[in-house]
Amino acid sequence: MLTGFGLDAGLVGFVVGLDTDIRDGLLGETTGVLACLTGKPPTPLAAGLARAS
């Protein structure tokens with residue numbers, strides 16, 4: 001279906017792999033590394049979008 005929308009095979013593989021990782025919970029880990037690197041606490045998406053508008 002994705003190739004029908006014009007995506008090439010490499011991008012389809014990337015999107016499918018990313019979707020699989022999300023489904024399996026691999027992107028849901030919170031280790032705190034990003035907060036250490038940025039020096040800021042994480043912000044929920046809804047709060048960040050509300051602040052930006």
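Student: Is Gly 13 buried, exposed or partly exposed?

Tutor: Let's start with the ground rules: this is a predicted model, where local features need pLDDT of at least 70, side-chain atom pairs count only at pLDDT 80 or more, and totals for chains, interfaces and linings use all residues. Residues are numbered from 1 along each chain as its sequence is written, and side-chain values use heavy atoms, with hydrogens and water left out. Buried means under 20% relative accessible area, exposed over 50%, and partly exposed in between (1.4 Å probe, protein chains only). Gly 13 has a relative accessibility of 43%, so the class is partly exposed.

Student: Which helix holds Gly 13?

Tutor: Helices here are DSSP runs (H or I, at least four residues), as strands are (E, at least two), numbered from the N terminus. The protein chain has 3 helices and 0 strands, in the order α-α-α along the sequence. Gly 13 belongs to helix α1.

Student: What length does α1 reach from its first C-alpha to its last?

Tutor: Helix α1 covers residues 9-23, which is 15 residues. The expected span of a helix is 1.5 Å times one less than its number of residues. For α1 the expected value is 21 Å, and the helix comes close to that, reaching 21 Å.

Student: Which residue caps the N-terminal end of α1?

Tutor: Look for a polar contact: a pair of N or O atoms within 3.5 Å where, within protein, one must be able to donate a hydrogen and the other to accept it, and residues adjacent in sequence count only if both atoms are side-chain atoms. Here a side-chain oxygen lies 3.0 Å from the backbone nitrogen of Gly 10. The residue that supplies this oxygen is Asp 8.

Student: Which residue forms a salt bridge with Arg 23?

Tutor: A salt bridge is a side-chain nitrogen of Lys or Arg within 4 Å of a carboxyl oxygen of Asp or Glu, and the structure holds 1. With the closest N and O atoms 3.0 Å apart, the partner is Asp 24.

Student: What is the radius of gyration of the protein chain?

Tutor: This value is taken over C-alpha atoms, and the globule rule is 2.2 Å times the number of residues to the power 0.38. Buried residues make up 2% of the 53 residues. A compact globule of 53 residues would be near 10 Å, but the protein chain has 16 Å.
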